[in-house]
Amino acid sequence: MPTAKKTAPQDKTADDAQADAQTPPQTPEQTLTLNGETVTIQPGETLWELVRRTGDELPHLCHKPGYRPDGNCRICMVAIEGERALVASCVRPAAPGMVIDTQSSRPRRARELVAELLLADQPRAPHDPTNKLLRTASKLNVTESRFPAAHKTNGADHDANKSASGGTSHNGHNISGDPAPPAPDFSHPAMAVQLDACIHCGLCVRACREEQVNDVIGMAHRGQGSKIVFDMDDPMGHSTCVACGECVQACPTGALMPASVLDETTHKRTATPDRHVDTLCPYCGVGCQVRYHVKDDQIIAAEGRPGPANQSRLCVKGRFGFDYGAHPDRLTTPLIRRDDAPKTPELPSDPEEIRARFRAASWEEALDRAGNGLAQIKAAHGADALAGFGSAKGSNEEAYLFQKLVRTGFGTHNVDHCTRLCHAASVAALMETIGSGAVTAPVRACKDSDVMLLIGANPTVNHPVAATFLKNALKRGAKLILADPRGQELSRHAHIDMRFKPGTDVALLNAMIHVILREGLADEAYIRAHTHGIDALHKATAQTSPEAMAPLCGIDAETLRAAARLFGGAKAAMIFWGMGISQHAHGTDNARCLIDLALITGQVGRAGTGLHPLRGQNNVQGASDAGLIPMMLPDYQKVIQDSVRDHFADFWQTELAPSPGLTVVEIINAAFDGTIKGMYIQGENPAMSDPDLTHARTGLSRLEHLVVQDLFITETASYADVILPASSFFEKDGTFTNTDRRVQRGRQVLPLPGEAKPDWWIIGQMAQRLGLDWGYETVADIFAEMRETMPSIKGLSWDRVSREGSVTYPVEHEDDPGQEIIFADGFPTDDGRGTLVPATLSGPAEPPDPDYPLILSTGRLLEHWHTGAMTRRAKVLDQLEPSPAVYLHPRELARAGLTAGTPVRVRTRRGTIELAAVPDRHVSMGCLFIPFAFAEAAANLLTIAELDPHGKIPEFKYCAARLEMVTSPAPTTNA
């Protein structure tokens, strides 16, 4: 039968786009009649979805595409022949033979009546004149209500209306006995709660409980007294709300709104956007797609889009951390160090004192000074006296240009970026075992998993949107094995929660491997067909029984066996891990164990299976893919392989050095020793992110010439000779690759401020001054060259990624949809097999002792990103977490004779910092946790620079420390 053809609405919202994106494939076997026309039914769709698909539009308030439909607002009602009552189309499944009427007077009048009833209780002066309820009513030609209102917006409105109308509302009814209107709640710095506009649609409850699974918002009381509450009816700002803003995005009435669009006095919306830009979030590796609302070239709000990585969801950083680029500290003019301001290792605490060490310069002077300084060092000391740090917060195109500049302009492979401080050990193990450093399946593949192993990661803090998909899978019935020395929010969802002793990952994982191999839980057919090395693994784990490993890792043998049996018996299992695995001196061994665990159970290459190291920064995957690492050219082609090197030398028309370069920490060590004399650093902050900062900062201060390209005078830029003002994420065009291997299009949202320039343009200008003749005119030109050098994206054109927004590599040709789940038929190794690599037990580099009896670990906070250069300049994020703290178990705090909030001193063999003590039951006894985003208490002044021998990653997660009461000023330790 023919399908009715109509023109779909053109003015589509993000919700509309999600609804369209979720339309299932058409199967023409079954039909129904819609408004007199025969329409094909698609599997699983509701009547609301069917009507929309065929080009009509039904109003909806309590319904949001992607959410579970609830059907409580009744504004989407339709008539079904043979049924007495009208039905809510959002909850009624389409069935063959139905005769549906959406256009006759009966359903239309019913919808109009619902709109009129809902309008009755709305505030006379809407908090948001653009809200969805008002727009929906207007489309239904309903502009006012004949029905009595229950209450007014607030006491002042209530009294004024009563006085002016003799005790009647503007709707003409007596209000003297009405309940008091809900008090507004402005306790949260990011969101306003004004429940006098609430229609009890339930969207915010579903947003919080079912989408983000934060379980903060609920409906309390009964009947006329029903209302939305946060936790136990707490003010929003005092509740456990994590400020993801999902409820704000869902609310159709303005009862919940972002504070950024409200007048501070009236709390009414005064800021309405004059344009919208669809791009990405600048923070973690999840790669959320975002629509930014812009007014007068300033971002006023962010809305999640239905991208494949986030399905319209955001976290607090993506939702509210968009204003850092407009901070007064923003660099807008090139700077050159004053001749009378020599470098010293010490960092002044006063930013003005640091700024006074530089003078403004023209771009011509600054670029000449920057490029010539590096060229002179190369001429005097050779190419290996130079090094470069690129950025995982820049685009793929910027990363590609930067590594090309270092390799062809400097003449060395001394180029690296922050992957060396996060997942280098994971990449080393993945390359060694399965021949690829990329994830084998996206985060959302967990929807098909029955078991998930999460180890060394805290995704609700570091990858909050990814965590929502894990929580969705758990609510569906999947089981979680959680392994981490520190507890976390996901602990309450875990089937097995193993809080093992820090630094004993290999003991725990080898115990699980032992059980799986010896209890017949291994997939012997998969092992025979797809792996090497099973005999060596059997031998290496023969003595690692749970009974033997339990005293080492602190988890009882019964629990270790239960975890192994659960994982080994899974039909489809995924392994997720984070920097708790990789940031150790034995990080590569940790990752080897996880890969072995997946290979011996055949949990790779199928739906619901895979290995997924959660990437840290928004483009750490893309930066690595583009070659921003010292031992690999683009697409992980090895520098030491003659044929690879010859190919790139021919393509770039430049001889390439035959040996790999130095890694991040090795470069800083070489600067300290004087063998690295000049550096070019784009968007990295090693003076905050490197271990043993006293050593790192001294190394930076000893450089003869340092060029820093950044947004602010960061701690690293303080040591620069030339500072070049760069583009923030919101001022960039380009592509970014997320943790799922999705190449996504980023678009410029804001104009560049002052004299700031695009990073790719600056890198090109530096190349010119180093004798390179590049001719890139647009970002698309750079992407075109990348395609020629990177087989993984050879089939992906600039036009396609711009059109589709997100494409998962590998992409072999233009019509290739991309491969989300890879390695079903083997691995990219010489024989297509993976290698099982045993891991031996080894301890941390610096265990506790009587002088330093505690274990220090570092990491991130939900509200802050990396070294804080961006998030601490984002107003809302800094308000939420304004100051540094050390987190420790309440009993540990009491044992030290301390109370919550008191200043304490944390000391290691490398330095001392002072900060507040905060009790946290998630932190194990004997341990301390310090976020590293706070310059005034820089955690990396304390950490050890011991490196993993394979991944060359520092041991950020473990060093010996002690806690002291503050009885006198601490000595200066940032030298």
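**Exercise 1.** What span should the 15 residues of helix α11 (residues 396-410) have, and how far apart are its end C-alpha atoms?

First, some ground rules. This is a predicted model, where local features need pLDDT of at least 70, side-chain atom pairs count only at pLDDT 80 or more, and totals for chains, interfaces and linings use all residues. Residues are numbered from 1 along each chain as its sequence is written, and side-chain values use heavy atoms, leaving out hydrogens and water.

*Solution.* 
- Helices here are DSSP runs (H or I, at least four residues), and strands are E runs of at least two, numbered from the N terminus.
- The expected span is 1.5 Å times one less than the number of residues, so α11 should span 21 Å.
- Its end C-alpha atoms are 20 Å apart, which agrees.

**Exercise 2.** How many residues of α11 are buried?

*Solution.* 
- Buried means under 20% relative accessible area, exposed over 50%, partly exposed in between (1.4 Å probe, protein chains only).
- By that cut-off, 15 of the 15 residues in α11 are buried.

**Exercise 3.** Find the strand that β33 (residues 885-888) runs parallel to.

*Solution.* 
- Strands pair if DSSP finds at least two bridges between them.
- Four bridges join β33 to β35 (residues 912-919).
- Alanine 885 has alanine 916 as its bridge partner in β35.
- In β33, Ala885 and Tyr887 point one way, Val886 and Leu888 the other, and all are buried.
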